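Subject: The two-chain model, with notes

Hi there,

Here is the model I promised to pass on. Have a look at it first, and then read my notes below.

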Amino acid sequence: MSDIVERLPIEVRTEALEQLLVERGLVDPAVMDKFISTYETDVGPLNGAKVVAHAWTDPDYKSRLLNDGTGAIAELGFKGPQGEHMVVLENTDTVHNVVVCTLCSCYPWPVLGLPPSWYKDPAYRSRVVREPRRVLAEMGLDLSEDVEVRVWDSSSEVRYLVLPQRPAGTEDLAEEDLVPLVTRDSMVGVARAGASAR
Amino acid sequence: MDGVADLGGMQGFGAVKRPEPEPVFSERWEARAFALGLLSMRTSGTNLDSFRHALDRQAVLDYFADGYFGRWCHAAETLLVDSAILAPGAVEARTRNLMGQQVPEPPIPTPDKPDYKPTAAGSLRPVDVAPAFAVGQRVRARDLHPLRHTRLVRYVRGRRGVIERIQPSAVLPDTHATFEGENPQHVYAVSFDSTELWGPDAERFTLTIDLWESYLEADAS
């Protein structure tokens with residue numbers, strides 16, 4: 001176990017690791033930059049929002065999405081690492097789904113990008129499989145007692161995406177105007193769509 | 001293994017904190033650690049299950065001390081040292097030298113990568129035998145305590161559930177993580193009543209988790 005009196009600064013340790021690999025030509029910094037920029041700018045929850053908004057406005061697509069998540073998501077061009085097999089879970093008036101990975105941080109990268117810090121945090125990972133209603137309430141989502149809560153622990157290579165309910169009063173909105181209402185948190189199941197900017 | 005990463009149901013972590021705003025990477029070193037984590041698998045000749053195993057082998061204090069991307073940095077180092085791409089202590093020595101200390105760095109070792117090659121890309125693999133369990137069947141998660149990597153979390157071991165759906169068959173992480181074979185198996189989403197997991201006073205909900213066939217047995221009770 002590492003010395004608990006003196007911990008080396010992790011940012012320096014990371015730099016040291018990179019140096020040791022780069023100076024031997026084992027890692028190319030340009031490849032690192034590409035990985036980083038991909039998940040900082042190209043792949044994020046906007047992809048998932050497009051999937052959800054399309055499902056809200058096209059019943060046939062929604063049916064395909066619920067039957068074959070990976071295939072229907074690929075129709076919109078989204079696939080890749082951490083998306084080998086994606087399952088879409090529909091929230092309704094009576095069922096609320098919420099997703100976690102208690103062992104690490106498994107998350108559907110092609111549609112949501114990299115997970116937010118709370119998803120990777122020990123507090124969320126430990127508690128949402130034991131007291132989900134309380135955790136959701138603390139995160140701002142109060143669910144009535146008659147709503148069935150279903151928690152999905154992502155322990156295999158299957159990745160879960162929540163299809164949130166379309167907010168009331170949006171019947172006249174076009175698909176592209178619905179996209180901004182589909183928040184990342186609503187697609188993990190810790191918020192309702194349209195509830196906040198998260 | 002019964003490692004630090006298996007957090008489901010543990011108490012003592014407090015409220016869920018949600019920083020605002022939240023960039024993908026809060027600091028640049030986090031982005032570098034992320035990229036190094038991904039590349040460490042290729043460079044060390046290992047795989048994603050090995051990477052996860054490097055996470056759950058971490059010492060308890062290390063796991064929490066440096067945050068999420070700190071874990072990635074430590075796991076990358078573990079895989080690279082295991083494959084003798086880096087010498088033990090090499091990263092620490094270089095870190096100290098970057099900090100202005102003057103310490104000797106160990107010589108570069110002779111690489112000793114695992115004798116391992118995936119049979120296909122990704123983790124999904126066909127299995128020639130039919131699934132042992134059917135949707136709706138009652139099962140029990142085995143009460144196993146392997147010393148090796150496993151995705152059989154502690155909080156379902158010995159508990160009774162129902163097969164919710166049959167997932168695509170996949171490589172078994174338990175052996176794949178340590179290069180002892182892909183051993184593909186059927187995978188099942190298994191649903192557990194919250195009171196089966198947490199007792200009669202638990203909140204009412206259903207917990208569904210993916211479990212490999214060898215983690216399960218038919219529930220005769």
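Leu211(B) is in contact with Ala141(B), Leu152(B), Tyr188(B), Val190(B) and Leu216(B), leaving aside its neighbours within four places in sequence; contact here means that two C-beta atoms, placed from the backbone, lie within 7 Å. Leu211(B) is also one of the residues, along with Val52(A) and Val151(A), that touch the most other members of the largest nonpolar core, which has 103 residues. Such a core is a set of buried Ala, Val, Leu, Ile, Met, Phe, Trp, Tyr and Cys residues joined through C-beta atoms within 7 Å. Buried means 20 or more other C-beta atoms within 10 Å of a residue's own, exposed means 12 or fewer, and partly exposed is in between, with C-beta atoms placed from the backbone.

Before you go further: this is a predicted model, in which local features need pLDDT of at least 70 and side-chain atom pairs count only at pLDDT 80 or more, while totals for chains, interfaces and linings use all residues. Residues are numbered from 1 along each chain as its sequence is written, and chains are lettered from A and ligands numbered from 1 in the order in which they are written.

Now to where the chains meet. On chain B, 66 residues are in contact with 61 residues of chain A. H1(B) gives the most to that side of chain B, with ten residues. By type, the side of chain B that touches chain A has 40 nonpolar, eleven polar and 15 charged residues. In this count Ala, Val, Leu, Ile, Met, Phe, Trp, Tyr, Cys and Pro are nonpolar, Asp, Glu, Lys and Arg are charged, and the others, Gly among them, are polar.

Strand S3 of chain A (148–153) and S4(B) pair in the parallel sense over four bridges, and Trp152(A) stands opposite Thr208(B). S2(B) and S3(B), in turn, pair in the antiparallel sense over six bridges. Strands pair if DSSP finds at least two bridges between them; helices (H or I, at least four residues) and strands (E, at least two) are DSSP runs, numbered from the N terminus.

Chain B has seven helices and five strands. It is divided into domain 1 (1–111) and domain 2 (138–218), with bounds from an automatic or database domain assignment. Their C-alpha centres lie 27 Å apart, and eleven residues of domain 1 are in contact with 13 residues of domain 2.

Finally, some backbone details. Most residues other than glycine have a negative phi, and most peptide bonds are trans. Glu20(B) and Pro21(B) are joined by a cis peptide bond, with omega about 0 degrees; Pro21(B) is found in the segment before H1 of chain B. Gln82(A) has a positive phi, near 65 degrees, and is buried, with 21 other C-beta atoms within 10 Å. Phi of Phe179(B) is near 65 degrees as well, but Phe179(B) counts as partly exposed, with 17 C-beta neighbours inside 10 Å.

Best wishes
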